[in-house]
Amino acid sequence: MNKPLPNNALTDNLRKAQQHLARFKSAVVAHRIAGENVLSQDAFDNFDPSDNSVLCRVSSGTPADVDRAARAAEEAFKVWKDVPGEKRRALLHTIANKIEARADEIALVESTDSGQAIRYMSKAALRGAENFRFYADKGPEASDGLSMPTQTHLNYTVRQPIGPVGVITPWNTPFMLSTWKIAPALAAGCTIVHKPAEWSPLSAVILSEIMSEVFEGAGLPKGIVNLVHGFGESAGKALTEHPAIKAIAFVGESITGSHIMAQGAPTLKRVHFELGGKNPVFVFDDADLDRALDAVLFMIYSLNGQRCTSSSRALVQRSIYDKFTAELKARVEKIKVGHPLDPATELGPLIHPRHAEKVLSYSQHARQEGAQVATGGVRALEGKGNFVCPTLFTDAKNSMRIAQEEIFGPVLTAIPFEDEADALRIANDVRYGLAAYIWTGNVGRAHRVAQGVEAGMVWINSENVRHLPTPFGGVKSSGIGRDGGDYAFEIYMEQKNIAVGLDRHRAPKIGV
Ligand code: NAD
């Protein structure tokens, strides 16, 4: 047998991806509303980030489409809210089984659609299935409350699903993020209208097919899950304004969160926001520098740097700053940029030409403000795709735009600090507060910094590893509310208190 050529895996993945994409290419991608494929009058182009060719055309949802979907979710809620927890548990596990069965297809479609390298996307579907399994098992206990007895009354609480929920997701890791919202909402007893991002809408179609198959197969109403494609300003806005939608679970930019809050105000929408970040990774001079280096690289250059928890600011103690950044630079220059379906690729194309332009513009800002572009800052693989070189800015100050703004690309800003107090001051001097990473060999310092840093999540001597029962979310402009564990039910469920008189208390008589 001949030894396989190195690019055989890419050719093979391209062929398989084309097979899975053929159906999206052959007809306009439809919404799925109450179990029906629905087309809008208008459609938009969806592009392949590796060459910006048109991958397919997608229906552009209108307020009328959203209304139809919200009404279907409202109708289905009447049944789904009362489906026993054990049955919900079984159905969500069936969804997880079906996701696992289609994991390769989901990975290939998502990687092509989003530009994220297949080496990371190959696990996206499995992570999505895990989310469904975790919340499947929480389904039976979702309505449990507390007992709070007094001398005169037995007070007890129950949790009840809030109603139809709007789920609005971004383009960076769309499948996993959608399951993160949809699985707990379904486990709680809510019904769904999902509006995926217009730049990577395809894996949402597969998820919607899987869920519809399961619910329809069980003889349940067809509107439990609905999918409406389209732009934020039209379909997304209509969803946030719809009176039948009781809560919005949103993942995206902080500014969009503000818009959604305003749009949802007239209907007093409950909101759950996972927003942007400018996350610090502290590297103290007593850290295990080898491990810190690996983690710093992984947390900004994997997933194209298009990851909310990416550590985009490296705060490095002055005494090791030059050595550490020199090693960083050498490693960054070895990162392999390439086609997202090539298993050797570490950095794929960014999602859209506009986004690539935005990311590249920061090199200009870096130079203008006096930082060094140590490496990168330019396009990679000259061609039609949105490829950019992994970029490292050094000698930056925290007041610079490269340290304050979320770039959301493979771009790291390295800033020196003097001591612990200086490090914390720099870390907290941004509007965001999603995640922080601390590398130090000093246990006391690790805990002091963890408590002092303004962030919803802190990892000490670790990169981002997600444990599903723990709370996930940010403070300041990085979010409102928490995903994960029981925390997610705080958005999808209402607390009700029931007070039962124990005949030891009587209301004072009036009117006698
Ligand atoms: P975005 O805010 O531009 O879009 C997100 C979604 O909101 C899309 O579906 C879009 O169509 C929709 N939308 C846009 N305007 C809307 C409006 N007025 N009303 C309703 N919906 C609207 O974000 P993006 O560029 O797709 O994603 C990148 C952002 O997502 C980054 O800021 C990143 O940090 C953030 N993100 C956060 C997390 C987290 O957990 N905190 C996770 C992933 C991504």
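These notebook entries record what I looked up in the structure above.

**Entry 1. Basis**

I worked from a predicted model, in which local features need pLDDT of at least 70, side-chain atom pairs count only at pLDDT 80 or more, and totals for chains, interfaces and linings use all residues. Residues are numbered from 1 along each chain as its sequence is written, and side-chain values use heavy atoms, with hydrogens and water left out.

**Entry 2. Domains**

I looked up the domain assignment, which gives domain 1 as 12-45 + 53-275 + 478-496 and domain 2 as 280-460. These bounds come from an automatic or database domain assignment. I noted 31 Å between the centres of domain 1 and domain 2, taken over C-alpha atoms. Domain 1 gives 24 residues to the contact and domain 2 gives 27 residues; contact here means heavy atoms within 4.5 Å.

**Entry 3. The interface between the domains**

The size of an interface is often given as the accessible area lost when the parts come together. I therefore recorded buried area, which is the accessible area (1.4 Å probe) that two parts lose on being put together, summed over both. Domain 1 and domain 2 bury about 2100 Å² between them, and 61% of this is on carbon and sulfur atoms. Of the area that domain 1 buries against domain 2, 28% is supplied by Tyr120, Trp199 and Ser478, more than by any other three residues.

I then looked for polar pairing across the interface. Between domain 1 and domain 2 I found 0 salt bridges, a salt bridge being a side-chain nitrogen of Lys or Arg within 4 Å of a carboxyl oxygen of Asp or Glu. The count of residue pairs in polar contact between domain 1 and domain 2 is 11, both residues being at pLDDT 80 or more. A polar contact is a pair of N or O atoms within 3.5 Å; within protein, one must be able to donate a hydrogen and the other to accept it, and residues adjacent in sequence count only if both atoms are side-chain atoms.

On the side of domain 1 that touches domain 2, the elements giving two or more residues are helix 1 (8-26), helix 4 (103-114) and helix 5 (118-121). Helices (H or I, at least four residues) and strands (E, at least two) are DSSP runs, numbered from the N terminus. Helix 4 gives the largest share of that side, 5 residues. I noted the residues of that side as 10 nonpolar, 11 polar and 3 charged. Ala, Val, Leu, Ile, Met, Phe, Trp, Tyr, Cys and Pro count as nonpolar, Asp, Glu, Lys and Arg as charged, and the others, Gly among them, as polar.

**Entry 4. Salt bridges**

Side chains of opposite charge can pair when their charged atoms come close. My search of the whole structure found 31 salt bridges.

I looked up Lys98 and Glu213, whose closest N and O atoms are 2.9 Å apart in a salt bridge. Lys98 is in helix 3 (residues 85-101) and Glu213 in helix 8 (residues 202-217), so that the pair links distant parts of the chain, 115 residues apart. Lys98 is partly exposed, at a relative accessible area of 29%, and Glu213 is also partly exposed, at 43%. I applied these cut-offs: buried is under 20% relative accessible area, exposed is over 50%, and partly exposed is in between (1.4 Å probe, protein chains only).

I next noted the salt bridge of Arg270 and Glu494, at 2.7 Å from N to O. Arg270 lies in strand 11 (residues 270-274) and Glu494 in strand 22 (residues 493-501), so this pair ties together parts that are 224 residues apart in sequence. Arg270 is partly exposed at 24%, and Glu494 is partly exposed at 37%.

Within helix 12 (residues 318-332), Lys323 and Glu327 are 4 residues apart, which means about one helical turn separates them. Their salt bridge has its closest N and O atoms 3.5 Å apart. Lys323 is exposed at 55% relative accessibility, whereas Glu327 is partly exposed at 33%. I also recorded one network, in which salt bridges that share partners join Arg23, Arg102, Glu105 and Glu209.

**Entry 5. Single residues**

I placed Thr345 in the loop between helix 12 and helix 13. Thr345 is buried, with a relative accessible area of 0%. A polar atom of the Thr345 side chain lies 2.8 Å from the backbone oxygen of His339. Leaving aside neighbours within four places in sequence, Thr345 is in contact with residues including Ala117, Arg119 and Lys336.

I found Ile402 in helix 14 (residues 401-404), and Ile402 is buried at 0% relative accessibility. Ile402 and Thr413 are 11 residues apart in sequence and 6.6 Å apart in space, C-alpha to C-alpha. With neighbours within four places in sequence left aside, the contacts of Ile402 include Tyr362, Phe393 and Thr413.

Finally, I looked up Arg354, which is in helix 13 (residues 353-369) and is exposed at 59% relative accessibility.
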